[in-house]
Amino acid sequence: MKLLKIIFALLIFTISANSQDLSIPEPMDLFKYSVPEGTEYGFSKPYKSIYGFPVVRIWGWSKKGKMAYSIEKSIEGKGGVLIEYIILDFSKNKNVWRMSDDSNDYAEYSDEKPFSDFSYKNKKKKIMKAFTNYGIIMSKDSFNKLPIQLNDKTYDFSLNVKNEKKAEFYDAISEYSVIAKKGNKTKTIKREKKVKALSVFLCGYFKSPYENKAVIVTAEEQFVFEGTELFYSFTGFDLK
């Protein structure tokens, strides 16, 4: 009987994983609302000193406060591509699952094809298992411009930035906070201290398809190998 239960559980997992296979989500530009409309930037087209623009994909959501996403970026110095697959519990602002994949670990990989396709093919079973464990339902999503307007309510967001007393070429900001405002009420939803960044951007948001909650996206511009790169972070916000 115990063996039959195990076989049945494995069968359910396989069916669930296969039924969710929507292939690789489209890449999203999370920086598009932070620059003047019509600005061209990206690979070989820096924006000011920023030349590192990571590729972000939203894989899906759970019905209990979790979002799955991946970040793909070039590896400075040695070259290659690194992809991080992450499941965020945005009710607690904590990563509950994370897996990295480095193109340099594969002798058989050729950069003639996107590493995202190669990585997904190799890591698909682990990805789908994590999605099943955390109740992630794969879906297509849109990235939205702030402020948030919902049910005749407006939620505004702003940055409170504290600069270094003695700025360096690689470090101008010492700490910052993200402030949410609804009517006359304000709330600090994110605070970062001991920051090593030249600038910080309030980029936009995603809305959960299952809950009255949003995920606010910020980006730090940090100095790397030969210039600067964007480092995204995600913060949950309850739309009460």
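Okay, housekeeping. Because the model is predicted, local features need pLDDT of at least 70 and side-chain atom pairs count only at pLDDT 80 or more, while totals for chains, interfaces and linings use all residues. Residues are numbered from 1 along each chain as its sequence is written, and side-chain values use heavy atoms, with hydrogens and water left out.

Let's start inside. The largest nonpolar core has 27 residues; by nonpolar core I mean a set of buried Ala, Val, Leu, Ile, Met, Phe, Trp, Tyr and Cys residues joined through side-chain atoms within 4.5 Å. Buried, by the way, is under 20% relative accessible area, exposed is over 50%, and partly exposed is in between (1.4 Å probe, protein chains only). Which members touch the most others? Those are Leu30, Phe31, Met67, Phe206, Tyr232 and Phe234. Two or more residues of this core come from each of β2 (55-61), β3 (66-74), β4 (81-89), β11 (199-207), β12 and β13 (228-238). Strands here are DSSP runs of E, at least two residues, and helices are runs of H or I, at least four, numbered from the N terminus. There's also a second, separate core of 20 residues, which includes Ala68, Tyr85, Tyr106 and Tyr120.

Take methionine 67 for a moment. Leaving aside neighbours within four places in sequence, methionine 67 has contacts (heavy atoms within 4.5 Å) that include Ile58, Trp61, Ile136, Val215 and Phe234.

Now the rings. The structure holds 19 aromatic pairs. Rings of Phe, Tyr and Trp (its six-membered ring) pair if their centres lie within 6.5 Å, and planes under 30 degrees apart are stacked, over 60 edge-to-face, and the rest tilted. Tyrosine 69 and phenylalanine 234 make a tilted pair, 4.3 Å centre to centre with 40° between the planes. Tyrosine 69 sits in strand β3 and phenylalanine 234 in strand β13, so this pair ties together parts that are 165 residues apart in sequence. Both tyrosine 69 and phenylalanine 234 are buried.

Phenylalanine 115 and phenylalanine 118 are a stacked pair, at 6.0 Å centre to centre and 25° between the planes. They both lie in helix α2 (residues 115-133), three residues apart, about one turn of the helix, and both are buried. There's a cluster too: Phe31, Tyr41, Tyr47, Phe53 and Phe201.

On to charges. How many salt bridges are there? Eight, taking a side-chain nitrogen of Lys or Arg within 4 Å of a carboxyl oxygen of Asp or Glu. Arginine 98 bridges to glutamate 84, with the closest N and O atoms 3.1 Å apart. Arginine 98 is partly exposed at 45%, but glutamate 84 is buried at 18%.

Lysine 45 pairs with glutamate 40 at 2.9 Å; lysine 45 is partly exposed at 43% and glutamate 40 is exposed at 57%.

Last stop, the surface. Phe169, Tyr170 and Phe223 make a nonpolar patch of about 320 Å². Patch residues have over 30% relative accessible area and no salt bridge; like charges are joined within 9 Å, nonpolar side chains (Val, Leu, Ile, Met, Phe, Trp, Tyr) within 5 Å. Areas come from the Shrake-Rupley method with a 1.4 Å probe, and for residues only the protein chains shown count as cover. Phenylalanine 223 is in strand β12 (residues 213-223) and is partly exposed at 36%.
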